[in-house]
Each structure stands twice: as structure tokens, then as C-alpha cells.
Amino acid sequence: MLLLRSIFISSFLICICSNSFANYAYNTNENGSSFVSDTIVVILKKDNSEIRGILIKESNSTLLVLLGNEEITFLKNEIQGYRFITSNEIKSKTQFETPNYNYTRYCFFPSSFTTKRGESASYSHYLTTANLKVGITDNWEFSIGSIFINSILTSVSYSKPVYKSVRLAVSGYGGYIFYLPSNPGTNQSGVGIIPRISFGDENQNISMGFIASKTSLINQWVYGSYLGAQQKLKERLTLSGEFSGLTIDSHNILLLGDVTLNFTTRRGFEVISLGALGINTNNQSFIGISLPRPFIPLPYLGYQRIF
């Protein structure tokens with residue numbers, strides 16, 4: 001009984017102390033003392049320069065920001081724009097010393113992140129395909145590649161952050177397959193579009209995308225969607241996975257899933273991807289490639305070079 005009474009009294013005292021401390025913290029915040037939030041605001045001024053400070057208070061028309069030891073009020077109609085960075089985002093972006101070189105794609109499908117301005121990278125599936133991505137600006141990306149040696153595929157992508165850790169992107173692409181003189185046949189061409197949305201940052205994100213494509217071989221639009229995710233595990237190791245499906249007139253013609261581990265080599269500018277993928281198709285031939293059915297498990301090998 002004495003023990004229960006002691007526990008009750010201790011709990012009562014803890015509640016009183018906690019309530020007093022909470023009131024003190026609230027009052028110090030109201031009086032403008034040392035309370036500081038964990039939100040950093042990045043303000044873009046009219047002259048395109050940036051100011052970063054700790055957000056103290058936001059209203060419909062103003063931002064109260066702590067810069068050094070001084071509190072400054074910015075009128076929203078006198079700046080170009082602003083965005084927030086939380087401590088969680090900062091930790092996510094700075095917990096690794098080296099970047100995640102796989103951030104623009106998963107395995108076959110892209111994330112909403114595009115190659116940064118002035119940077120470029122090439123990658124290959126099974127060492128039989130080739131693709132080169134070039135960052136024109138921080139929002140625009142151009143790529144060119146091939147499947148085997150008798151095809152060419154180009155795309156233009158636009159990417160833009162819309163809210164904190166949310167980013168939208170869209171890619172338009174076109175391709176052409178030509179037959180060699182030793183293997184005459186009808187040349188094929190195609191076009192397509194991939195709008196998508198990503199949640200997260202370059203080290204960890206998840207994306208949902210829509211696929212629309214039309215080729216001269218399949219003289220109607222093929223639609224599909226995909227879901228991809230990746231997580232940087234260590235400095236030189238990233239785990240990626242994706243699942244996608246394509247349909248014609250609500251009839252599944254291809255299901256594809258894969259999981260890959262992406263290793264950055266000690267040279268620092270190469271990434272080797274190892275994993276497994278599964279293919280399920282209702283057709284014996286997909287875009288001219290013969291496939292057994294119904295399910296094909298395959299090992300995966302990929303190579304990426306950063307410039």
C-alpha cells in the first residue's frame with residue numbers, strides 16, 4: 001500500500017513539473033526568447049539570390065526569420081518565392097558522404113529526379129544496351145541510347161519539385177529499330193511518354209509512373225504503370241526495386257518485376273548492379289523478342305559510368 005501511495009505521489013509531482021515546464025517553454029516562445037524551430041527557410045529574392053535562416057513564424061503575408069542573432073521580417077509579395085528544409089531532410093541528405101548515383105532511375109524505369117546540370121552518366125543492361133544521360137539544366141535532361149546495335153532511342157525529360165519532398169517529372173521519347181542488310185525486314189519506330197511522381201530525396205524515394213507507348217509493330221497504344229523504390233543502405237550500396245505492367249485493351253501483355261543491389265566501386269565513378277527479375281507475358285513475342293511463358297526468372301547485370 002505504501003508503495004502504491006509513493007508511486008501515485010511521484011506521478012502527481014512529475015505531472016505538475018511537466019506542466020510547469022511546458023508552460024515555461026510556451027511563455028518563452030511567446031516572449032521571443034531562445035526557442036528555435038527545426039525548420040530552415042530558403043528565401044529566393046528578386047535578384048535571384050538566396051537567403052537561408054531559421055523560421056520563427058509564418059503568416060499569410062510575412063515570414064519571420066532568424067538570421068544570426070537578428071530576427072528579420074520578409075514580405076511574401078517582395079520575394080520571388082521560398083521553400084522549407086526540415087532537420088529530417090538535412091539528416092537524410094547529409095548522413096552519407098558520397099552521393100547515390102542511382103537516384104535518377106531504379107532498374108528500367110526512371111524516378112522523378114533528373115541528372116543535374118553539367119553532369120552525365122551512362123548505363124547498360126546486360127552489357128548489350130547503352131544509354132547516356134546529360135543534365136542540360138537542373139530541370140531538363142537529354143538522353144540517347146540503343147538496344148543492341150540496330151536501334152536508337154532518345155528522350156527529353158523535365159523535372160520539378162512541387163512541395164518539400166515531392167517531385168514531378170515527365171519524359172517524352174522516340175525510337176527506331178532498323179534491320180541490317182544481312183537480315184532484311186521492315187524497320188520499326190515508336191514514340192511514348194512517361195509522367196511520374198516521386199516522394200523522398202535522392203537517397204531514399206518511391207515513385208509511381210504512367211507509361212503510354214505506340215510502335216509501328218503494335219499499331220495501337222500500349223498503356224501501363226510502374227512502382228519503384230530505392231534506399232541507400234551504406235556509402236557504396238543502394239537497394240532498388242520496381243514492378244510494372246503493360247496492357248492492350250485491358251489485356252495484360254507484360255508484367256515485370258526486379259530487385260537489384262547497386263555497388264559503387266572503389267574507383268568512385270562506376271556502379272555495378274546485380275539482382276533478379278521476373279517476366280510474365282501472355283504473348284510468345286513482345287516487340288519482336290520471342291519470350292517463353294508464363295513466367296521467366298532471370299539474373300540481372302547492369303553497369304553504370306559517371307562522368
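Colleague: What volume does the largest cavity have?
Modeller: About 60 Å³ in this predicted model, taken as the space filled by probe spheres set on the grid points, which are joined across faces, edges and corners. A cavity here is a set of points on a 1 Å grid over the protein atoms alone where a 1.4 Å probe fits but cannot get out.

Colleague: How many cavities of 30 Å³ or more are there?
Modeller: The count is 1.

Colleague: Which residues line the largest one?
Modeller: Pro-99, Asn-100, Tyr-101, Asn-102, Lys-232, Glu-235, Arg-236, Leu-237, Thr-238, Asn-262, Thr-264 and Val-271; lining residues have an atom within 4 Å of a point. Strand 14 (237-248) and strand 15 (251-264) each give at least two of the lining residues; strands are DSSP E runs of at least two residues, numbered from the N terminus.

Colleague: And by class?
Modeller: The lining has 4 nonpolar, 5 polar and 3 charged residues, with Asp, Glu, Lys and Arg as charged, Ala, Val, Leu, Ile, Met, Phe, Trp, Tyr, Cys and Pro as nonpolar, and the others, Gly among them, as polar.

Colleague: New topic: in what order do the strands of the open sheet sit?
Modeller: 4-3-2-1-5, 5 strands with antiparallel pairing; a pair needs at least two DSSP bridges. Strand 4 (70-75) and strand 5 (81-85) are the edges, each pairing on one side only.

Colleague: How many bridges join strand 3 to strand 4?
Modeller: 6, with strand 3 covering residues 62-67. Leu-64, for one, has Thr-73 of strand 4 as its bridge partner.

Notes:
Residues numbered from 1 in each chain as written. Predicted model: local features only at pLDDT ≥ 70, side-chain atom pairs only at ≥ 80, totals over all residues. Heavy atoms only, no water. Helix = DSSP H or I, 4+ residues; strand = E, 2+ residues; numbered from the N terminus. 1 Å grid on protein atoms, 1.4 Å probe; cavity = no way out; pocket = protein on both sides within 12 Å on 5 of 7 lines; lining within 4 Å.
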